[in-house]
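Try each task before reading its solution.

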Amino acid sequence: MLQRKNELSLLLVLCLLLTTFGFTGAAAADKEERPPSAGTTHVLLYLNKDAAFLNGEQVKLDAPATIIKDKMFVPAKFLGDAFGMKVEWNEESRMIEMETPRAQILIDVDNKSIWIGGYWVHFDEAAAIVNGRLMIKLTWLADYMNAKYTYNDELRRVEVLHVQAPKGIYNPDQDNSKPVAKFAFGKPVYRLGEPIKYIDLSYDPDAEGTINYKWTGKAEVFFTPGTYPITLTVEDRHGNKSEPYTRYVVISKEPYLSEVEYPIYMKPIGSFMKTNWSILWGNFHELPMLSKQVSEDTSRRLLVSDSPETFTELGVLYEDTMNGKGRLYADHVNGMNEMVELGILVTNNTSKPVTVKTTNKGEVWPSVYANLIGNEATVDFLLGDPLNEKITIPPKQTFIYKQMPEFYPNQGVNLFYDVETDGEVQFTFVVDKELSTESLELPRLAFNGHVRGTFPVSEVTWNIDATSFTKPSRLVIGDGKLDPFQPGFDPLRGTPVFNDGNYGVIYKIHAVKPRKLAVLVLPRGGVFKGPFKINGEMRLVPESGIMTAFDGLQIIARTTGTEESLDIEFSPPAGSAFPIDIIFYPLDERAP
C-alpha cells in the first residue's frame, strides 16, 4: 500500500512540474509581473472533455472536469495558472502548496490530508486524484479564490469567472510605497555569444529613487540556445522591496561570438581571461610569429648588478666605468641576519670635475615580495616622470650616488637609473653596515648565477606590421632565441656574459596605422607580474596579484583601426619568469 501511495505522489509531482496546458516559446519569452490593474478571467470547462476555453482561446486539458459523488471537480493546476494562484510541489515537505487570496493551502497526498491556514481537513472533502491529476471541488475552490461559477446542464458546461483584485503597494503606516521593478531587453532574440542589453525601467512611486538592485539569472551573454528567465527586485532607501519582475530572454542557435572570442571582443581592457590548458592549446599555442624589424640602441650602456642576487655577506656587488649615457640596474635580496644598507657609489678617477645628471629613475621601497618590487620599480621607470638631478664629483673623490632605506633580512629591492655624465666615472654597487666612501674597500663578492655585467644595448625597437595580418599572431619576449639575450662583459670576472631575460632593457614596439585588433599577454615561463605602457597609458598585468604560466591571458589594448600608431613599451620586471607571448588578435566589425 505504501509503495502505491509513493507512486501516486511521484505521478502527481510530475504532473505539477508540467503545466496542464503548454506555453509556446513566444509566450515563455513574455514578462511576468503583477500589474496595478486587474481584469476578468473567463474559463469554460466541459464535463469529461479535454477541450476548454480560457478567455476565448481554446486549450487542451490533461484532466477534464468531472463529477465525483455528485460534486463537480476541476483541474487544480489549470485553474491555478489561469487565476494566478500558486500551485507548486514542495519537495522538502512533500506537499502541494496552494496560495489563494483567503488562505494558504497545503495538500498532503501521502497522508490524505489538507491543511487550510493551519486547520486540518480530510482530503476527500475537497480533493481527488484522477488519472494522476489533482482535482479540486469547484465549490470549495471558488470560495477560496473569490470566483463565481455556473453550470449549464444542457451543455454540460461549467463557466467560471474570476477577478483577481490587485494588491496595492502603498503602506499608509509608513506613508510610503514599494518601488516597482521593471526592465526590458534591447531586442527580443539574441544570438549565441551576443551581449545582452538590459534597459532599466524601474521606478519609485514616491520619486525617491531605487538604491539596491538584485538580479537573478542575469548574464551579459549566453552560449547555449534556449529561453532564460531573468528576474529583478529593487529596494528603496527605506528598505521597501519591490515585487519580483521577470522577463524571458530568447537565445537562438545562430552563432555570434564563441566563448573564446567573446572576452577578446567585449571585455574591458585590463580584463583577465581565465582559461585552461585545452583552450590555450587549441587557440593560442604556437601561433604564427608577427614579422618585426629590430633595431638596437647602443647609445646608452647598461650596468646590471644581480649577482649575487641574494647576498650573505658585506661587499661590492658590481662595479664598472661609464662615460656619457648609461643605465644602472640592480636587483638584490638581503640574505643576512641583520639590517644593512645598500647603495651606489660614484667615483671620479680623472683630474677634472665630472657632473652626473639623472634623467629617469625606477625605485621601490624594500619588500619581501619579489614580484611586487620588480613590478613597482618598472612602473616607476616606465612612467618617465620629468627628472633633472645633478651631482658634480670633484677629481679623485667618491660620493654616495644613491642610498636605499634600511634593508632588513629577506627584503629585496629593484632599482633603475638613467644617467648622463660629462666625463668618466666609476659606479659601485655595494652593501655595508653603514654606507660610506670607505665601503669601496670591501671585498668584491663572487658571482653565483643570475646576471652581472655591462651591456652595450639598453633599448630595442621592434617595428611591426599590424595592418595586413589576418590571423592571431604573436611576439615572444625573453626566450633567448626569437628574442636573443643581449651580450656583454663582466669586468670583475673578465669574461663575456649574456643578459639572460634582458633585465633592464626597454622594449619599444611600434606599429603604424594598425588594423582593428586586440593585444593580449600570455605568460609561458612561470609567475609573471609587470607593467606595459600602451600609447602613453600604463597597464598593469595582472591588475592585482600575479599570473602563472598558461592559466590565462590579459587584454592590454584594443585598436579601432583609426589610430595613427600603436606604441607599446615594456621592460622585463625582476621576479618574473620568461618567456611571455604578446598576442595580436585581429578583430572584425563585431567589435564595438
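**Exercise 1. Charges over rings**

Task: Which ring lies under the charged end of Arg515, and how far is its centre?

Solution: The model is predicted. Start at Arg515. Its charged end sits over the ring of Phe469. The distance to the ring centre is 5.9 Å. The cut-off is within 6 Å, so the distance qualifies. Now go to Phe447. Arg493 lies over the face of that ring, at 3.6 Å from the ring centre.

**Exercise 2. A tryptophan pair**

Task: Classify the aromatic pair formed by Trp277 and Trp281.

Solution: A search of the whole structure finds 24 aromatic pairs. In the pair of Trp277 and Trp281, the centres are 5.3 Å apart and the planes make an angle of 45°. Planes under 30 degrees apart count as stacked and over 60 as edge-to-face, so the rest are tilted. The Trp277–Trp281 pair is therefore tilted. Trp277 has a relative accessible area of 43%, so Trp277 is partly exposed.

**Exercise 3. A lysine in a strand**

Task: Is Lys60 buried or exposed?

Solution: Locate Lys60 in strand β3, residues 57-60. Its relative accessible area is 60%. Exposed means over 50%, so Lys60 is exposed. Now look to Ala557, 497 residues apart from Lys60 along the chain. The two C-alpha atoms are separated by 57 Å.

Terms used:
Residues are numbered from 1 along each chain as its sequence is written. This is a predicted model: local features need pLDDT of at least 70, side-chain atom pairs count only at pLDDT 80 or more; totals for chains, interfaces and linings use all residues. Side-chain values use heavy atoms; hydrogens and water are left out. Rings of Phe, Tyr and Trp (its six-membered ring) pair if their centres lie within 6.5 Å; planes under 30 degrees apart count as stacked, over 60 as edge-to-face and the rest as tilted. Buried means under 20% relative accessible area, exposed over 50%, partly exposed in between (1.4 Å probe, protein chains only). A charge sits over a ring if NZ of Lys or CZ of Arg is within 6 Å of the ring centre and within 35 degrees of the ring normal. Helices (H or I, at least four residues) and strands (E, at least two) are DSSP runs, numbered from the N terminus.
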